[in-house]
Amino acid sequence: MDTAPQFEKCTITGAAGFIGAHLARALITQGAQAVSGIDNLLYGDWANLGSFSDKVETTTSDIALMDEEQMARALGGTDTLFHFAAQKLNNLTSEADLLASNVVATERLARVAARVGVRRIIFASSLYAYGRHSGTAVSETDVPEPGTLYGVSKLTGEGILRTMALGEGIETVSLRLFFVFGPRQYAGTGYPSVIVRNFSRMMKGEAPTIRGNGDQSLDYTYIDDFVDAILRAAYAPCSGQIINLGSGKSTSINRLTAMMREVCGCRLDPLHIEADWTEGTDRFADVSKAEKLLSWRASTSLEAGLENTYRWLKDKS
């Protein structure tokens, strides 16, 4: 950030996860007066805080299971709430669990936040709120037509916050996140990571895998750039807005895999396996609104981000 604001007490839900832990570390580095984190550890690990763990007041709890008084105690004195806890529908969660966490708990958390005097809520929404998987860059002006229950839950979360802002006067910002990658991201937890998964394979002397023809394309942004945008959203004059966060660039899995092979010196040809639903998709963000409202654009090149991620994986292996 060009001029860092003075962060007061900040609370992060999902603070032990990939993005949440990086955000907590950045807030402490920025000089936040206090940082507290809530996480049920289904996808996260407090070890992700590293050397910052003693500077974060941690609560191991599932927000879907917290009552309003427990939430009020956790949010006491909070200036900015970063709501990043969420469930995806997988073998660990049911539809009921997803809705309980992403919709019911989000409404209760926002209502309690308004009651205890939280100034602003930053909500982690998702590109899955759009539903569109090909064509031009997706824009905040597109009509959302989510095709998954997860996408529906994120779109509903945005609506809950908009309603809360209108009715309770609390400031809210919804960030539609595209694909984030970097150190401390684990395959099999949180957002799917073809980057970590294939780097791990190549480090074991195995060929990287590509589903289908590999022409499917995604919008990848390095974690440090994401965190910078999130911090800007906490104080920028953008209350009530929905903002895409991504690189604004489309990269095919074939191109991504070639870059990864170059980074780690892998000479094995990729192994093409059965195609999945992503075949033929091309998902990338129009980031002009983030540029205008947050004065932000992702600055870390994909090559540099991949090198940093690979180096971290090597160091921890």
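**A loop residue and a strand**

Modeller: Asp-215 lies in the loop between strand S8 (209-211) and strand S9 (217-218); helices (H or I, at least four residues) and strands (E, at least two) are DSSP runs, numbered from the N terminus. This is a predicted model, in which local features need pLDDT of at least 70, side-chain atom pairs count only at pLDDT 80 or more, and totals for chains, interfaces and linings use all residues. Residues are numbered from 1 along each chain as its sequence is written, and side-chain values use heavy atoms, leaving out hydrogens and water.

Colleague: Which residues does Asp-215 touch, not counting those up to four places away in sequence?

Modeller: Contact means heavy atoms within 4.5 Å. Asp-215 touches Ser-252, Asn-254 and Thr-281. The C-alpha atoms of Asp-215 and Asp-282 are 8.5 Å apart, although 67 residues separate them along the chain.

Colleague: Is strand S5 enclosed or open?

Modeller: Buried means under 20% relative accessible area, exposed over 50%, and partly exposed in between (1.4 Å probe, protein chains only). In strand S5 (residues 120-126), 7 of the 7 residues are buried, so the strand is largely enclosed by the rest of the structure.

Colleague: Which way do the side chains of S5 point?

Modeller: In a regular strand the side chains alternate between the two faces of the sheet. Here Arg-120, Ile-122, Ala-124 and Ser-126 point one way from S5, while Ile-121, Phe-123 and Ser-125 point the other way.

Colleague: How many bridges join S5 to strand S6?

Modeller: Two strands pair if DSSP finds at least two bridges between them. S5 and S6 (residues 171-177) run parallel, joined by 7 bridges, and Ile-122 stands opposite Val-173 in S6.
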